[in-house]
Amino acid sequence: MIFDKDTAKKTAELLLQINAIKLQPQAPFTWASGWKSPIYCDNRITLSYPEIRNFLKEHLAKFIETTYGKPDVIAGVATGAIGIGMLVADTLDLPFIYVRPEAKKHGRKNQIEGIVPTGKKVVVVEDLISTGKSSLNAVKALKEVNANVQGMVAIFNYGFHIAVQNFEEAALSLHTLSDYENLLEQALDTDYITQQQEETLQSWRTNPAEWNL
């Protein structure tokens, strides 16, 4: 679920403006999963633009306080959301931790870096939601140390059906600044893409694992 329409459109505009999101329906990217994709998203680029990262952190922080009240801790999902998660925590004047995909093989062998918040209220910050698998893996790790996970917020969501299903099964709320539908609407409104390209982009999202141009 998006925060609100205006924020969703503005976020999409900013991400396209700095090429944090690239749309190339005629020259698809190849994801690490092997999927062919007409879109590539790297929200870490936003950290290089102070005005844009401030917009993102302020809207995420405001939404967290409005929706969940002030939690005890902000948790970022490594590695993509460490930067934006830290900025949100700093804005709210809260402790910050981050969660790795798995425990380290050396040293203290931590999966969660920072003071583990046993019994405390935690909101998780993500940069991007695709299938939701890695995001929910972080939530699982937090719950295993008895953290009280309130929900998750993120910058952008592809809106895949599998992600919706995964979050429903985990009984975890997810809210994002923007999503795929608002991105395409913004791109079409500003002539970033044509109507024909928009149709191609819509067809990809229907079945991304088997899509090909």
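Biologist: At what angle do α1 and α2 pack, and how far apart are their axes?

Modeller: Helices α1 and α2 pack at about 150°, with their axes 11 Å apart. An axis here is a line fitted to C-alpha atoms, for helices over the stretch in contact, and angles run from 0 to 180 degrees between N-to-C directions. Helices (H or I, at least four residues) and strands (E, at least two) are DSSP runs, numbered from the N terminus. Please keep in mind that this is a predicted model, where local features need pLDDT of at least 70, side-chain atom pairs count only at pLDDT 80 or more, and totals for chains, interfaces and linings use all residues. Residues are numbered from 1 along each chain as its sequence is written, and side-chain values use heavy atoms, with hydrogens and water left out.

Biologist: Which residues make the contact between α1 and α2?

Modeller: Contact means heavy atoms within 4.5 Å. From α1 come T7, K10, T11, L14 and Q17, and from α2 come I52, F55, L56 and H59. Sorted by class, that contact has four nonpolar, four polar and one charged residue. For the classes, Ala, Val, Leu, Ile, Met, Phe, Trp, Tyr, Cys and Pro are nonpolar, Asp, Glu, Lys and Arg are charged, and the others, Gly among them, are polar.

Biologist: Why would residues three or four places apart in a helix point the same way?

Modeller: An α-helix has 3.6 residues a turn, so residues at that spacing point the same way. Keep that idea for the next pair. Helix α1 (residues 5-17) also packs on α6 (residues 180-189), at about 65° with axes 9 Å apart. In this contact K5, A8, K9, A12, E13 and L16 of α1 meet N182, L183, E185, Q186, A187 and D189 of α6. The count by class is five nonpolar, two polar and five charged residues. This pair is roughly perpendicular, and α1 passes α6 in a right-handed crossing.

Biologist: Which residues of α6 are buried, and what covers them?

Modeller: Buried means under 20% relative accessible area, exposed means over 50%, and partly exposed lies in between (1.4 Å probe, protein chains only). In α6 the buried residues are Y180, N182, L183, L184, Q186 and A187. Their cover includes α1, β1 (21-23), β4 (39-41), β9, β10 (174-179) and α7 (195-206).

Biologist: How many residues are in the largest nonpolar core?

Modeller: A nonpolar core is a set of buried Ala, Val, Leu, Ile, Met, Phe, Trp, Tyr and Cys residues joined through side-chain atoms within 4.5 Å. The largest one has 68 residues, and L23, I74, L142, F156 and Y158 have the most contacts inside it. Helix α2 (residues 50-68) gives the largest share, eight residues. Leaving out residues up to four places away in sequence, I74 touches I64, G85, V88, A89, L92, L94, P95, F96, I97, V123 and V125.

Biologist: Where is V77, and is it buried or exposed?

Modeller: V77 sits in strand β5 and is buried, with a relative accessible area of 4%. V77 and I112 are 35 residues apart in sequence, yet 9.5 Å apart in space, C-alpha to C-alpha.

Biologist: What should I look for in the backbone of the loops?

Modeller: T79 is in the loop between β5 (73-77) and α3 (82-92). Then look at D93, a residue other than glycine with a positive phi near 55°. D93 lies in the loop between α3 and β6 (96-99) and is exposed, at 69% relative accessibility. N146 is not a glycine either, and its phi is positive at about 70°. N146 belongs to the loop between α4 (133-144) and β9 (148-157), and at 53% relative accessibility N146 is exposed.

Definitions and conventions:
Angles under 35 degrees count as roughly parallel, over 145 as roughly antiparallel, 65 to 115 as roughly perpendicular and the rest as oblique. A crossing is left-handed if the near helix is turned anticlockwise from the far one by less than a right angle, and right-handed if clockwise.
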